[in-house]
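Please give a short briefing on the structure below. Cover how the chain is divided and what surrounds each ligand.

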Amino acid sequence: MTQDSALLPAPKAIPHEGPNEALRDGSNSRKVFIKTYGCQMNVYDSTRMSDALARDGYEPTDDMEEADLVLLNTCHIREKAAEKVYSALGRLREMKKKKAADGREMMIGVAGCVAQAEGEEILRRAPAVDVVIGPQTYHRLPEALRRAKQGQRVVDTEYAIEDKFEHLPIAESRKIRARGVTAFLTVQEGCDKFCTFCVVPYTRGSEVSRPVSQIVEEAEKLAEGGVREITLLGQNVNAWHGAGPRGEAWSLGDLLYRLAEIPGLARLRYTTSHPRDMDDRLINAHRDLRALMPYLHLPVQSGSDRILKAMNRRHTAAEYLALIARIRTVRPDIALSGDFITGFPGETDKDFEDTLRLVEEVRYAQAFSFKYSTRPGTPGAELKDQVPEEIKAERLERLQMLLLKQQQEFAESCIGKEIDLLLEKPGRMPEQLIGRSPWLQSVNVDAKASQIGDIIKVRITGTGTNSLFAERAEAAV
Ligand code: 5AD
Ligand code: SF4
């Protein structure tokens with residue numbers, strides 16, 4: 001079936017186009033606009049898709065108007081995600097019509113978790129869409145676009161047997177440099193935990209770890225391209241496992257020790273972790289590795305054992321607190337971050353008070369909190385005792401006030417401290433740069449653009465709304 005063909009000009013004829021045809025003849029430079037929704041993994045995926053498309057002559061653009069291809073990399077984690085995508089697609093359809101009237105073609109692709117969850121339904125509800133591609137098949141995107149160019153509408157959401165990362169190119173040094181001194185690197189995808197509120201195991205599939213050699217190669221390329229800080233990504237990143245050089249079993253801790261040896265790479269982080277997968281090796285890495293930043297995102301979701309059980313988190317509040325205590329023993333300056341859900345089915349006032357108590361006890365540096373949203377197909381959606389919206393909202397507000405207070409207290413506790421700052425990007429004022437603290441805060445400091453990528457010693461002097469201020473403490477390290 002072809003799309004809205006009455007409204008659109010015939011696709012541009014690109015006979016027998018090979019992967020690099022457009023690049024070779026130079027006459028066919030095309031532009032892609034990628035809109036990324038959701039988590040950091042989607043940000044990473046968008047970069048990798050952009051690199052794959054570059055081989056077919058697509059250059060990235062920030063201007064949707066001039067795009068030949070608009071790609072929505074979607075997220076399905078919380079409510080109305082799909083509806084938001086459909087309304088964005090409605091607007092894109094108008095744009096596509098307008099461009100067609102001017103004799104310009106614009107293709108539309110939907111990628112990410114909504115693509116995975118909705119599949120064919122997207123083609124049915126959004127007639128202007130040319131390609132629907134799931135998170136496990138990005139390496140087949142160029143091929144899907146070629147088929148779409150020939151008039152087919154393509155849905156490719158099968159879980160691929162082949163490893164997509166083996167087929168996705170890593171950008172060359174020049175491009176890596178242009179993207180900045182911090183980068184994401186996905187090491188693990190999918191999830192086998194099946195928390196009862198969560199769609200991830202259904203949209204991203206079961207847990208898969210990338211092999212050590214692939215990860216090390218990519219990290220080395222990033223470091224050669226000037227990246228100083230890498231954040232390892234995974235839906236359940238600390239469930240990553242692999243094999244070391246002698247075939248021995250490696251967990252995420254071992255991988256971090258290996259990556260810390262890469263020359264030029266000064267900082268490592270990882271996200272998102274599950275409390276059950278914080279093994280000793282990983283905790284010890286926080287003790288031993290200077291490169292491993294003292295920041296840990298460790299979602300707990302609720303402080304009530306009853307709710308934790310109903311969520312299938314498979315740990316208690318006391319176990320979580322004991323884990324935090326162990327981590328703090330080896331790394332006393334570690335900053336903690338978390339995720340919370342208010343109003344999970346069956347949550348009572350008492351359960352919610354337990355959450356507040358846990359938050360008081362942990363003292364988070366940062367946190368994300370959400371109202372429970374029913375995700376079709378998850379066990380949570382089947383539960384009776386759904387909590388009314390206004391109660392979810394009320395609890396969320398109370399929780400967020402407490403978390404915000406803790407965030408401010410943490411920021412203020414930094415004043416006067418001397419820290420290493422990774423200079424990342426230009427600041428708002430000339431002769432000013434924004435750097436990243438070990439605890440993931442943005443810090444403004446006087447420095448020259450040529451210093452981007454340096455790590456300097458600064459003293460924190462004050463706090464702003466979403467950032468800190470600092471002065472130079474001594475020469476660059
Ligand atoms: N409702 C509300 N929040 C959710 N999250 C995941 N699924 C849901 C849901 N159905 C939150 C969790 C998770 C974060 C990424 O999103 O807190 O840790
Ligand atoms: Fe979702 Fe739970 Fe897996 Fe996290 S651990 S991705 S919340 S199922």
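In this predicted model, the protein chain falls into three parts: domain 1 (28-154), domain 2 (163-412) and domain 3 (415-470). Taken over C-alpha atoms, the centres of domain 1 and domain 3 are 36 Å apart.

**Ligand 1: surroundings**

- The residues that surround ligand 1 are I77, R78, F197, Q301, D339, I341, F370, K371, Y372, S373 and R375.
- By residue class, this shell holds five nonpolar, two polar and four charged residues.

**Ligand 1: polar contacts and cover**

- In the side chain of R78, an N or O atom is 2.7 Å from an oxygen atom of ligand 1.
- The backbone of F197 has a polar atom 2.9 Å from a nitrogen atom of ligand 1.
- An oxygen atom of ligand 1 lies 2.7 Å from a polar side-chain atom of Q301.
- On its own, ligand 1 has 400 Å² of accessible area, and the protein covers 87% of this.
- Strand 15 (335-342) and strand 16 (366-371) are the elements that contribute two or more residues to the shell around ligand 1.

- Around ligand 2 are C191, K193, F194, C195, F197, C198, V200, P201, H274 and R313.
- The shell around ligand 2 consists of seven nonpolar residues, one polar residue and two charged residues.

**A residue in both shells**

- F197 is listed among the residues around ligand 1, and F197 is also one of the residues around ligand 2.

Definitions and conventions
Residues numbered from 1 in each chain as written. Chains lettered and ligands numbered in written order. Predicted model: local features only at pLDDT ≥ 70, side-chain atom pairs only at ≥ 80, totals over all residues. Heavy atoms only, no water. Near = heavy atom within 4 Å. Polar contact = N/O pair within 3.5 Å; in protein donor to acceptor, adjacent residues only side chain to side chain. Areas by Shrake-Rupley, 256 points an atom, 1.4 Å probe, with all protein chains shown as cover. Helix = DSSP H or I, 4+ residues; strand = E, 2+ residues; numbered from the N terminus. Nonpolar A, V, L, I, M, F, W, Y, C, P; charged D, E, K, R; others polar. Domains from an automatic or database assignment.
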